[in-house]
Amino acid sequence: MAIRPNPTPTNTDIQLWEQLKNGNELAFGKLLAKYFNPLQNYGYKFVRNEDFVKDCVQEVFIEIWNRRDRISTPDSVRAYLLSCVRKRVLREGHRQHIIREDASIDLENELTFVEFSPEWLLIEQESVAETTHRIADALNKLPKRQREVIYLRYYQNLERDEIAAIMGVNPQSISNLLQAAFKNFRDNWAGLLILVNVLGHASF
Amino acid sequence: MNPNYQKYSVEDFTQDEQFRQWVIQRDPESEAFWTEWLDSHPEASGKVQLARAFLYALEEKNTALSTDELTSITDDIIRQNKQVVRPLWSTPMVRVAASILVILGLGYLFLVHQPASSRLDKLAEISPVLAVNYNEIENTKPEPQDVTLQDGSVVTLYTHSKLRYPKQFTPKLREVYLTGEAFFKITKNPKKPFWVHADQISTQVLGTSFLVKAEGNNAKVEVRSGRVSVYTRKDIRAARRLQQKESVGVVLTANQQVAFIEKEDRLVKSVVEQPIVLQKIERHEYEFEEVPIDKVFKQLEKTYGLTVIYDPVTVKNCFITASFSDESLFERLNLICRISRATYEIVDGQIIIHSVGCDNK
């Protein structure tokens with residue numbers, strides 16, 4: 001599977017970041033507006049508590065704003081923010097015993113990347129809803145770390161190197177994880193495509 | 001201009017910005033684009049729906065905040081600046097982000113004469129939560145009475161009116177049931193739409209502020225600003241049965257109204273009797289001297305938020321010299337039409353200008 005360049009131009013992010021470092025409130029607002037929701041979405045994968053995750057994301061932005069004259073410019077703003085949120089959610093969640101009671105457990109290895117559960121979705125087409133659930137089921141059979149890689153790769157649309165930086169492993173491991181995930185998952189694709197074609201006639 | 005989507009694989013779709021705009025951002029424009037594209041490329045439907053389902057499967061419970069909420073978070077952070085970071089989860093999150101004005105009076109006399117049981121059956125069908133686990137408040141005092149709901153929304157109940165609301169809103173919806181008249185100030189929450197049900201119609205809050213009222217047996221909804229959609233009982237029933245997200249409601253924007261015609265069981269959309277000025281216009285902008293008529297129409301559209309439909313070719317030689325002060329919309333329309341030998345009518349909440357042109361110079 002080829003990893004292609006991220007289609008979103010990242011240099012505008014870098015420009016906004018530079019302006020933010022100079023105290024530009026507008027640039028700060030733009031970055032917050034762009035990333036707040038995706039970051040919440042990611043945080044929610046670890047701790048299913050809306051207010052808690054919202055506050056974690058908010059604090060990441062508060063810290064950035066308060067330390068704006070001292071922070072450096074990351075290679076990828078998106079990856080940097082995701083990694084800040086990941087760390088904070090795990091640390092704070094741990095401290096508040098939201099994730100688990102036993103504080104002695106090594107976070108990195110015991111992190112909770114929850115199962116995909118698209119039940120909340122109100123999908124108007126039954127065929128799409130059905131497929132969504134089947135895919136979620138297939139994905140939930142993958143090990144946690146493969147699940148997280150798939151999520152970051154596709155939902156957050158990140159490149160391999162960015163994912164590696166967030167998860168704190170080398171890029172080659174990310175390729176391996178993705179490959180493993182797809183090896184487990186690929187067989188289902190063909191079956192699903194047929195399913196969608198059959199069910200899809202009713203709706204489109 | 002668009003990439004060659006026909007050649008796209010499922011994976012390509014999941015990474016396409018336009019596609020993500022539709023699936024992840026729920027952007028209506030992108031949705032329109034893809035619906036149309038799928039209509040003309042039915043053979044790609046399988047791949048597209050699979051890519052869509054794949055992204056949905058990765059999605060989390062929708063925790064997205066609205067643009068307004070994000071702006072206020074930004075402001076808070078910038079204002080608190082160097083202060084000590086406070087534990088944010090202790091701050092009250094309830095904030096009235098939008099105030100909505102609703103007055104509903106729904107064929108009140110008619111309703112009380114209906115047997116109570118049949119009304120409750122109907123209600124249970126629309127909103128089970130309102131039929132079993134609810135609080136009900138009736139205002140028997142002569143003056144209006146305020147009721148605060150658990151989401152922070154405030155309902156001002158007028159005399160002899162009754163409001164029923166669930167003890168706990170469901171995770172996806174905020175629904176209340178009203179007989180009589182009320183004024184609503186709704187806490188904005190795009191994740192949980194707010195519905196005001198009444199016996200004949202249901203009103204969904206889509207935007208900011210609106211006013212609903214009714215006379216006799218015919219319910220009527222008037223919008224002051226913002227957007228609402230109104231559904232008849234039949235519409236709602238059909239929509240729920242077909243599990244459709246979109247149904248056949250009537251969307252109303254500022255200065256529009258809809259009346260429920262009971263005999264025909266349908267909603268008729270028009271313009272309110274006294275349209276209000278939505279956007280204050282500088283006085284000098286109302287001084288027209290030999291101004292092309294379309295400029296005047298544009299000014300009216302801007303002022304009242306209503307669409308003016310006319311044939312630009314026919315009116316291209318019409319010029320207006322006039323100055324407006326505090327006339328109503330209809331007085332202004334009469335004046336413009338007299339000058340330009342045109343007539344107007346209101347169709348479907350829009351102003352239609354019938355002109356024969358002004359070419360006699």
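**View 1. B:Asp12 lies in helix α1 (residues 10–15) of chain B.** Helices (H or I, at least four residues) and strands (E, at least two) are DSSP runs, numbered from the N terminus. This is a predicted model, in which local features need pLDDT of at least 70, side-chain atom pairs count only at pLDDT 80 or more, and totals for chains, interfaces and linings use all residues. Residues are numbered from 1 along each chain as its sequence is written, while chains are lettered from A and ligands numbered from 1 in the order in which they are written. B:Asp12 counts as partly exposed because it has 16 C-beta neighbours inside 10 Å. A residue is buried if 20 or more other C-beta atoms lie within 10 Å of its own, exposed if 12 or fewer, and partly exposed in between; C-beta atoms are placed from the backbone. B:Asp12 and B:Ala51 are 39 residues apart in sequence, yet 8.6 Å apart in space, C-alpha to C-alpha.

**View 2. Helices α2 (residues 25–43) and α4 (residues 77–95) of chain A pack at an angle of about 45°.** Their axes are 10 Å apart. Axes are lines fitted to C-alpha atoms, for helices over the stretch in contact, and angles run from 0 to 180 degrees between N-to-C directions. The contact (C-beta atoms, placed from the backbone, within 7 Å) involves A:Leu31, A:Tyr35, A:Leu39, A:Tyr42 and A:Gly43 of α2(A). From α4(A) come A:Val77, A:Arg78, A:Leu81, A:Leu82, A:Val85 and A:Val89.

**View 3. Strand β5 (residues 174–179) of chain B is largely enclosed by the rest of the structure, because six of its six residues are buried.** B:Arg174, B:Val176 and B:Leu178 point one way from β5(B). B:Glu175, B:Tyr177 and B:Thr179 point the other way. Strand β4 (residues 162–166) of chain B pairs with β5(B) in the antiparallel sense over three bridges. Pairing requires at least two DSSP bridges between two strands. B:Arg164 stands opposite B:Tyr177 of β5(B). Strand β7 (residues 194–197) of chain B pairs with β5(B) in the parallel sense, over four bridges. There, B:Val196 of β7(B) is the bridge partner of B:Val176.

**View 4. B:Ala322 sits in strand β17 (residues 319–323) of chain B.** With 16 C-beta neighbours inside 10 Å, B:Ala322 counts as partly exposed. Neighbours within four places in sequence aside, B:Ala322 is in contact with B:Phe288, B:Leu335 and B:Ile339. B:Ala322 and B:Ile336 are 14 residues apart in sequence and 8.4 Å apart in space, C-alpha to C-alpha.

Note on methods:
Contact = placed C-beta atoms within 7 Å.
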